[in-house]
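This report looks at how the chains of one model meet. Please keep the structure open while reading.

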Amino acid sequence: MNRSKSLGIALASVLVIGAALGLAGFALASASPHQTPLVCAAVQGQSKTCSLTMATYPDSGEGVHGKDGGPHPDWVTYSNDNVILPANSTIDMTIDQYDSGGSLNDAFFDQIMGTTGGTATIDGKTVTHVDPNNVGHTFTLRNIPGSGTYLFVSVPLPADPNTDNSVVLNGTHYNKPVVVQFSFKTGTKGVYEFNCEFPCGGSRQGQFGEAMSTFGYMSGTFTVN
Amino acid sequence: MSDTDNKKSLKSFYWMWGIGTVIAVLLSLWAPGHFMPRSMSGNMRLTILTMVVFSVAAAPVVAGVYAIAIYAIRTWGVHGDDIPPPAEQVRDNPKSVGTWLLVSTVLTVFLLVWGLTALAADNASTGKNPLVVDVTGQQWLWSFSYPGTHVQSNELYLPVNREVEFRVTSDDVTHGFWIVNMGVQVDANPGTITTIHTTPNRLGDFTIRCEQFCGLNHAFMDANGHVVTSQQFNSWLAAQPQRA
Amino acid sequence: MTTTLEHPVTAAIPQGGGLARRQNYATGVAAGVIFAYLFWLISHMTLDSTGRPFGDQVATFTCVGWMIGFWIGIGAFNGPFRWLLGRDHTHEDDLYYAGQNMGKARYWKFTTDHKVVGVQYIVVVMSLLGVGGMLAMAMRTNLITPGNHFINQQIYNSFIAIHGMVMILALIVVIAGPWGNFVMPIMLGARDMAFPRLNALSLWTLVSAATLLVGTLAVGGLPVGWVVLDPISDQAGVGMDFFAMAILVFAVSTTVASVNNLVTIFTMRTKGMTLERLPIFVWGIVFTAILGLYAFPFFIVAETLQLLDRTSFTSFFVSTGGGTGWLQANLFWLMGHPEVYVILLPAVGALLEIAAVMSRKPVFSYRTAVGAIAALSGLSALVWAHHMFTSGWAPTLGGPFMLTTELISIPTGVFFLVLIGTLWRGHIWMKLPTIWMFGFMANFVIGGITGIYLSDIPLDDQLHGTMFVTAHFHYIFVGSVLFGAIAALAFWFPKVTGRFLSESLGRVSFWLVFVGVQITFLAMFISGLKGMPRRVASYSILFEHTNFASTIGAYIIMSGMIVLLVAIITSWNKGEPAGPNPWGANSLEWMVPTPPPLENFTVQPVVTEDPYNFDKEVVRS
């Protein structure tokens, strides 16, 4: 086989197989589990502000993971794992916390950190920290190295004290949630990651298995545009 | 091939080896300092120096192998589809084997002595009363507390020129506590405490990274650190919220 | 040397074989799936479903079912079972099992002919390298820019572990599998391996284990790193049980293969083949097998204990129960370090063989070469804790392990001496095997030197857990072992197929892979020096340029491997024809026709000298 013929075969095979692999890669990227994005809603009359509402649930039955709660209906979950925020804005965040709780394994997280004023409002009361023995989950947001500006927000979400079974979502009854509100500012464009820092996920050491280590349950991505 | 022919033709090999060594040595002197993070402790300076010394020592080895390969291809390479004629059937040369063994042993011993000396230097305590910092790794965050105060923070503040002893543990899985600018790291293991020492000798900001795979967000487990003056350190401590 | 008879006249397929006449890979898979389902069903119904380890228990039993079913379906148990019944194999059965006159069908069956097993290993290795390579490309694509844009971090983390273990599996067998099987018995003047049925068993067990390993991706993945350290592995789902079972199954394959190799080499050499006349490649296999027999039981222990922790409430590695993850790490690395020499030594042996033949000179200082291989093998058992320098375990042992690790550089240097001495003033035939060998030399010196950096504790304190480590071992695995494997492939390809591996496509592939390796992994060294940790789905902006370069380099490597794949496929049936001894070598495998007859020799040869006297002009045949 002469040189140019073999170079031709080489080039052709690289292009063809490379294209096939590229398609496969594209399919892989699209299949990466990601829920429909939740876009932070603009607030009337206030520029550079938007409001965002999320929730934490004691199981996966409320519809986000599929009709019957998906492959792990008994796992706790956040309501969204894919959020879009505007850059350089104030985000007014509300989290409805439906789950019970317990004692934080690291009391460090009983503080409100990184929010505007260093406070959060819980069922109407403004606080700087909560009782570490009565926490349901935490909302801990950080920037990914190499993306966006430094951002660290951590808000403990207290355990839900209500027992009234009054809220119905997707056919399942839940207690009235405890409502946690706080604000923080976004910086430049980038990808940010949030996860809960109160482990409750099944393995013997540290309880960071199951829902804690599976993307889309107790962790997700905030994309700042 | 006559002896003079051999010596003459080996000249190109020596030239390639020499020039290759010079280039490699220059690279060795420049690259570690240029690429490695800004040094903020004695450990780190020694580490960068060790990198330079080892690279300079390795330079003639790497250059030699490359030179031999290129020289062999150019001088003795036979192209074409016919089996080349037999070469001189040399089976052994005890002198060259002995020399090679000697040189490589000397080189290895040198590297070993340097390494053990550097290790001893790193481990030597200054004897002063070190500042103790408790480091806790948790998926996926570092927190630092200062025993004797009630301060716990996710940013590490250190006073300059004071020896620090880090007592490192984990709440869940094994993490790797690595102060990138100070050349020290140790794993954070659950159920036990591991210890490292260093003395920050330069003011400024530094980075802490997790270097032991610890799960979903291992890649995002960076923490910020700051080396400040003693006064700044004390006022920072006083300004932190007191924890139980 | 001796002559052999020509190819016998084609005859009918032997009458024997029994059940094996209907068994092949498809029946193996079918039986494996059926038994896996049965075991799943039974364990699901009988075990305590409220227990915490229920999922792990069911998964483990399912894997056991797959393993047993596959062995039954492929026909691995036929022989022992018939022996138990007092109806051991007849000669016709043996010929059937050896695949006499069966054409291509025998490659899909439990065939005992070592040459068939060798070719089967080539296919299995290429498949594993392909899967591992795809995972690597996905990972590198994710790392092309900072921020995490391609696949989410959970998928990425799972890919890290599977890529690692699949590639390790592939590299353990990449040279010892195809060439330790196809070539080695002929090199010894033997008719087959000592235990031909065990030989087929070790191949099909590898296939069974690899299926479990890749199947991990389908049951939730393994986002805990390929070292599966405790405690993080505690957090993995049933993928971890699949992994542990895959390893246990693989350990069977490798133990059986090692024993087979050693017994063959020490008892089945033909008359006159003293140990001093052994081709150097065989010495590589000897010390690889001994090292493997020493090392893999540690892995068996580590994985068994991990499975017990996961299924049976033990706490060997669980600190809340009194155990420690450090025990798992020690057991793992007691295996893990010798394992990388199990990967390297066959390449060392093969390359010395190639260097001698292609330089038309004997191996330089044969005894020193054997001594260096033995020293590498022996010393590698003493260095394992250099993987744990920063773990906090036994800091006082740092010095001793630094000593043993740095000492390994001496036999490594001796290997370079022997290789260079063999090439020195040779008439070096610049064909494909030689070219890949030179590539090996250039890469191995960098891989080796950077290993010495890491063996120094003050340097390791900075570089452990960074991409510097990753670049170091990729220079060894990709830059050295893979180059050696391709050299071996190009060298023995004419003996398997009767054709040359395409010289032109092979050279295109070489340059793409060689340049790609330099770009990818030199940039990766710089990433590590700058402070980039390893096993990360995204990274700081500081590392964006070097990562971009590494990803481009990875695409170049992939292009080169695609070209190599095309070269192999097109050359297998349509390459330039080669005679039985195209390289003018003297070892026995080149003295038999191509393809070699079923039992290699009709009359066993008598050997009077080692295969390294090239001073007779050899007529190209």
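Two residues count as in contact if their C-beta atoms, placed from the backbone, lie within 7 Å. The model is predicted.

## Chain C against chain B

This interface takes 76 residues from chain C and 71 residues from chain B. On the chain C side, several elements give two or more residues each. Among them are the helices H6 (153-173), H12 (325-359), H14 (398-407) and H15 (409-423) of chain C. Strand E1 (428-429) of chain C is also on that list, as are helices H16 (432-455), H17 (457-463) and H19 (503-530).

The side of chain C that touches chain B has 37 nonpolar residues. Another 28 are polar, and eleven are charged.

## A strand pair between the chains

Strand E1 (residues 77-78) of chain B pairs with E1(C). The sense is parallel, over two bridges. Within this pairing, B:Val78 stands opposite C:Trp429.

## Domains of chain B

Chain B has two assigned domains. Domain 1 covers 3-77 + 96-123, and domain 2 covers 131-239. Their C-alpha centres lie 36 Å apart.

Nine residues of domain 1 of chain B are in contact with 13 residues of domain 2 of chain B. The domain 1 side of that contact has three nonpolar, five polar and one charged.

## Chain B against chain A

Here each of the two chains, B and A, brings 18 residues to the contact. On the chain B side, strands E2 (131-138) and E3 (141-147) each supply at least two residues. By class, the side of chain B that touches chain A holds seven nonpolar, eight polar and three charged residues.

Definitions and conventions: Residues are numbered from 1 along each chain as its sequence is written. Chains are lettered from A and ligands numbered from 1 in the order in which they are written. This is a predicted model: local features need pLDDT of at least 70, side-chain atom pairs count only at pLDDT 80 or more; totals for chains, interfaces and linings use all residues. Helices (H or I, at least four residues) and strands (E, at least two) are DSSP runs, numbered from the N terminus. Ala, Val, Leu, Ile, Met, Phe, Trp, Tyr, Cys and Pro count as nonpolar, Asp, Glu, Lys and Arg as charged, and the others, Gly among them, as polar. Two strands pair if DSSP finds at least two bridges between them. Domain bounds come from an automatic or database domain assignment.
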